[in-house]
Amino acid sequence: MGRKALEIAGLPVETLVEELNRAYADEWLAFYQYWVAAQLAAGRAAGPVAQELKRIAAEELEHAEELARRIIQLGGRPLGHPRLWLEQSNCGYSEPPANPKDLEKMIQDTVHAERCAIEVYNRLANLTHGKDHATYHLVRHILDEELEHEDTFENML
Ligand SMILES: [Fe+2]
Ligand SMILES: [Fe+2]
């Protein structure tokens, strides 16, 4: 849907791009949080935990790519500086626990991030429903994967 069509549908493009950039910031922070946790994870159960963290980190990076593509299609610009990720994110960032053997804390932090992401994509789905089919389709697709992520991490606790 084009810019004019979106405006007619009552969804200012600037608002949509801003919201998509907030989600984009969340995805980069989730990617890095999971990725660095995977590098650090230590202790007996660390192998499988690190493997899942890496696998899901790669999916968060894919989400960032998909959002960047849509932001550009809408005439916007993905956030150009990592500083903006923290400033504009919805969900923030959890530093890995000081004790790299504390896998439970690591996993709890991921569950927290996934629950926040689910809220964000639910909100974005409501915002775009019936107004911007392409964005709606994208955020529904991402939402489905965030629901799977929450389930995967919950089952590791
Ligand atoms: Fe994601
Ligand atoms: Fe996720």
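Start with the whole chain in cartoon view. Read along the sequence, the pattern is α-α-α-α-α-α: six helices and zero strands. Keep in mind as you look around that this is a predicted model.

If you draw contacts between residues at least 6 apart in sequence, 74% of them join residues at least 24 apart.

**Next stop: the core**

Which residues have the most contacts inside the largest nonpolar core? Select Y24, W28, Y34, A41 and L53; the core they belong to has 35 residues. Now colour by helix: α2, α3, α5 and α6 each supply at least two residues of this core, and α2 gives the most, with 12.

Zoom in on L53. Leaving aside residues up to four places away in sequence, L53 touches Y34, A37, A38 and A41.

**Next stop: helix α5**

Select residues 103–128, which make up α5. Try the distance tool between the two end C-alpha atoms: they are 37 Å apart. At 1.5 Å a residue, the 26 residues of this helix should span 38 Å, so the two values agree.

Now show the side chains of the buried residues of α5: L103, M106, I107, T110, A113, E114, A117, V120, Y121, L124 and T128. What do they pack against? Bring up α2 (13–40), α3 (46–73) and α6 (133–154), and you have their packing partners.

Before leaving, click on G130, which follows α5 and has a positive phi, near 75 degrees.

**Last stop: Y121**

Go back into α5, where Y121 has its place. Is Y121 buried or exposed? Count its C-beta neighbours inside 10 Å and you get 23; 20 or more is enough to be called buried, so Y121 counts as buried.

Y121 and H81 are 40 residues apart in sequence and, C-alpha to C-alpha, 23 Å apart in space.

Note on methods
Residues numbered from 1 in each chain as written. Chains lettered and ligands numbered in written order. Predicted model: local features only at pLDDT ≥ 70, side-chain atom pairs only at ≥ 80, totals over all residues. Helix = DSSP H or I, 4+ residues; strand = E, 2+ residues; numbered from the N terminus. Expected span 1.5 Å × (residues − 1). Buried ≥ 20, exposed ≤ 12 C-beta atoms within 10 Å, placed from the backbone. Contact = placed C-beta atoms within 7 Å. Core = buried A, V, L, I, M, F, W, Y, C linked by C-beta atoms within 7 Å.
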